[in-house]
Amino acid sequence: PQNNNYDCPLPEEETNPKGSGWLYHSDAIRTYLNLMSKSKKDATLEACAGALQNLTASKGLMSSGMSQLIGLKEKGLPQIARLLQSGNSDVVRSGASLLSNMSRHPVLHRAMGNQVFPEVTRLLTSHTGNTSNSEDILSSACYTVRNLMASQPQMAKQYFTSSMVNNVINLYRSSASPKAAEAARLLLSDMWSSKELQGVLRQHGLDRNMLGTLAGPNSLRNFTSRF
């Protein structure tokens with residue numbers, strides 16, 4: 001029977017799954033999350049997050065069901081958020097990508113806002129961008145913030161510091177990371193379009209002329225921040 005906490009019924013599970021059926025069984029999810037909470041080995045953490053990332057990668061009901069299983073039923077968000085604090089950029093990349101996948105599903109937004117939003121915005125504030133994984137990490141962080149702030153702008157607002165906004169603008173202006181620059185453009189564009197969040201940009205001296213239209217790939221390239 002469908003649980004009222006979920007927006008789609010989770011798949012019926014075999015009691016003794018075999019072969020590929022085990023990969024998306026709740027026992028497997030629980031095993032991955034348990035390893036993530038206890039292991040000190042970066043390779044193990046990356047592998048577990050990577051497995052969950054693959055299960056949530058599609059855009060259909062499979063991704064939604066797996067995301068709800070991980071985040072709501074098995075309460076795995078704290079373990080995933082902890083990955084973002086790792087000193088290993090491969091681990092951070094896997095965790096950030098997994099959260100980006102999960103953030104596409106509105107049923108998880110409230111739980112994610114409470115449990116992972118602070119860590120994701122911290123990435124956008126403090127990540128130095130000097131590792132081979134930086135573009136993937138920052139892109140995923142931008143998409144997660146963008147998805148979560150759309151449904152919870154007041155919650156998001158309290159985490160949008162000057163340094164975070166400044167870093168996102170610098171990321172958008174960076175020609176070295178086109179993928180992350182596009183993710184930053186979309187984030188800034190959505191912030192400007194939000195009644196609650198446009199004020200955050202205005203508070204820091206940004207106006208429509210300075211931001212440009214945010215519609216084209218070069219609209220902010222020559223913008224000089226006044227922070």
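Biologist: How much of the protein is made up of buried residues?
Modeller: In this predicted model, buried residues make up 51% of the 227 residues. A residue counts as buried when its relative accessible area is under 20%.

Biologist: What makes up the secondary structure of the protein?
Modeller: The count comes to 13 helices and zero strands. Read from the N terminus on, the elements run α-α-α-α-α-α-α-α-α-α-α-α-α.

Biologist: What share of the contacts with a separation of 6 or more comes from residues 24 or more positions apart?
Modeller: Such residues account for 67% of those contacts.

Biologist: Why are H2 and H5 called roughly parallel?
Modeller: Helix H2 (residues 42-55) and helix H5 (residues 89-102) pack at an angle of about 20°, and their axes are 9 Å apart. Angles under 35 degrees count as roughly parallel, and H2 and H5 are therefore roughly parallel to each other. Their crossing is left-handed.

Biologist: Which residues make the contact between H2 and H5?
Modeller: On H2 they are Asp42, Leu45, Glu46, Ala49, Gly50, Leu52 and Gln53. On H5 they are Asp90, Val91, Arg93, Ser94, Gly95, Ser97, Leu98 and Asn101.

Biologist: Is Ser94 buried or exposed, and how do you know?
Modeller: Ser94 is in helix H5. Its relative accessibility is 5%, and the limit for buried is under 20%, so Ser94 counts as buried. Leaving aside residues up to four places away in sequence, Ser94 touches Glu46, Ala49, Gly50 and Gln53.

Biologist: What does the UniProt annotation "repeat: ARM" cover?
Modeller: According to the unreviewed UniProt entry, that annotation covers residues 75-103. In the model this span is 72% helix and 0% strand, and its end C-alpha atoms lie 15 Å apart.

Biologist: What makes H8 and H11 roughly parallel?
Modeller: Helix H8 (residues 134-151) and helix H11 (residues 178-193) pack at an angle of about 20°, with 8 Å between their axes. The cut-off for roughly parallel is under 35 degrees, so H8 and H11 are roughly parallel to each other. H8 passes H11 in a left-handed crossing.

Biologist: Which residues make that contact?
Modeller: From H8, they include Glu135, Leu138, Cys142, Tyr143 and Met149. From H11, they include Pro178, Ala183, Leu187 and Met191.

Biologist: How many aromatic pairs are found in the whole structure?
Modeller: The search finds two aromatic pairs. Phe117 and Tyr159 form a tilted pair, 5.7 Å centre to centre with 55° between the planes.

Biologist: Why is the pair of Phe117 and Tyr159 called tilted?
Modeller: Rings pair if their centres lie within 6.5 Å, and here the distance is 5.7 Å. Planes under 30 degrees apart count as stacked and over 60 as edge-to-face, so the rest are tilted. The angle of 55° puts this pair in the tilted class.

Biologist: Where in the chain do Phe117 and Tyr159 lie?
Modeller: Phe117 is in helix H7 (residues 117-126), while Tyr159 is in the loop between helix H9 (153-157) and helix H10 (162-173). They are 42 residues apart, and the pair links distant parts of the chain.

Biologist: Why do Phe117 and Tyr159 fall into their accessibility classes?
Modeller: Phe117 has 0% relative accessibility, so this residue counts as buried. Tyr159 has 27% and therefore counts as partly exposed, a class between 20% and 50%.

Biologist: What about Phe117 and Phe160?
Modeller: Phe117 and Phe160 form a tilted pair too, 6.2 Å centre to centre with 45° between the planes. Phe160 is in the loop between H9 and H10, so the pair ties together parts 43 residues apart in sequence. Both Phe117 and Phe160 are buried. Phe117, Tyr159 and Phe160 form one aromatic cluster.

Key
Residues numbered from 1 in each chain as written. Predicted model: local features only at pLDDT ≥ 70, side-chain atom pairs only at ≥ 80, totals over all residues. Heavy atoms only, no water. Phe/Tyr/Trp six-rings, centres within 6.5 Å; stacked < 30°, edge-to-face > 60°. Helix = DSSP H or I, 4+ residues; strand = E, 2+ residues; numbered from the N terminus. Buried < 20%, exposed > 50% of the residue type's maximum accessible area, 1.4 Å probe, protein only. UniProt positions renumbered as here; feature names shortened; annotations may be inferred. Axes fitted to C-alpha atoms, helices over the stretch in contact; angles between N-to-C directions. Parallel < 35°, antiparallel > 145°, perpendicular 65-115°, else oblique. Left-handed = near helix turned anticlockwise from the far one by under 90°. Contact = heavy atoms within 4.5 Å.
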